[in-house]
Amino acid sequence: MSSGFDTVQKYKVGGVDTDFVVHKFSNKILFVITQFGKITNIFTVCNERNYEDEIFMKYNKQLKIQNKFGKDTDEVQAALRRIFTQVDSKGLDVVVSLSLQEVNKQILEEIVEILQQILSR
């Protein structure tokens, strides 16, 4: 049965089953990353700097993160900033739900690696 999304996969992150849903639209990309099996928040992430050269866009990000739904915490904002500073959304704005049992450097590195893998396909 098709989900209608580009990618729906389960990975182990920090030893916990984590669902990843990714779908590209014409002007946005949706990421749902959850260890609870549900969406607990929604944020938008966009790079406020516009560069004509991709090399500058990739390494000089000024991210604007806005909470649209659910609980907004400094921990989640910092996690999103760390993830999307490293993940290239190809100039698309990001809509993301991040629902983790624990946030630490190792878990965020694992998420970045998985997202880079998914987006490289």
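Visitor: What average pLDDT does the protein chain have?
Guide: The average is 90, and 88% of the residues score at least 70. pLDDT is the predictor's confidence in each residue, from 0 to 100.

Visitor: Which element has the lowest mean pLDDT, and which the highest?
Guide: Helix H1 (residues 54-59) has the lowest, at 53, and strand E3 (residues 28-34) has the highest, at 98. Helices (H or I, at least four residues) and strands (E, at least two) are DSSP runs, numbered from the N terminus. Where pLDDT is low, the predicted coordinates should not be read in detail.

Visitor: OK, the sheet. What order are the strands in?
Guide: The order is E1-E2-E3-E6-E4-E5, in an open sheet of six strands with mixed pairing. The edge strands are E1 (7-13) and E5 (63-70), each of which pairs on one side only. Two strands pair if DSSP finds at least two bridges between them.

Visitor: Which strands does E3 pair with?
Guide: E3 pairs with strand E2 (residues 16-24) in the antiparallel sense over six bridges, and with strand E6 (residues 93-99) in the parallel sense over seven bridges. A hairpin of three residues joins E2 to E3.

Visitor: How many residues of E3 are buried?
Guide: Six of its seven residues are buried. Buried means under 20% relative accessible area, exposed over 50%, and partly exposed in between (1.4 Å probe, protein chains only).

Visitor: And E4 with E6, parallel or antiparallel?
Guide: Antiparallel, over three bridges. Thr-44 stands opposite Val-95 in E6 there.

Visitor: Switching to helices. Which strands does H3 lie across?
Guide: H3 lies across E1, E2, E3 and E6, and runs at about 150° to E1. Axes are lines fitted to C-alpha atoms, for helices over the stretch in contact, and angles run from 0 to 180 degrees between N-to-C directions.

Visitor: How far apart are Ile-111 and Ile-83?
Guide: They are 28 residues apart in sequence and 7.5 Å apart in space, C-alpha to C-alpha.

Visitor: What about Asn-41, buried or exposed?
Guide: Buried, at a relative accessible area of 4%. Asn-41 lies in strand E4 (residues 41-47), and its side chain reaches the backbone oxygen of Leu-98 at 2.9 Å.

Visitor: Last one. Where does Lys-90 lie?
Guide: Lys-90 lies in the loop between helix H2 (74-86) and E6. Lys-90 counts as exposed because its relative accessibility is 58%. Its phi is near 55°, a positive value in a residue other than glycine. Most residues other than glycine have a negative phi.

Note on methods. Residues numbered from 1 in each chain as written. Predicted model: local features only at pLDDT ≥ 70, side-chain atom pairs only at ≥ 80, totals over all residues. Heavy atoms only, no water. Polar contact = N/O pair within 3.5 Å; in protein donor to acceptor, adjacent residues only side chain to side chain. Contact = heavy atoms within 4.5 Å.
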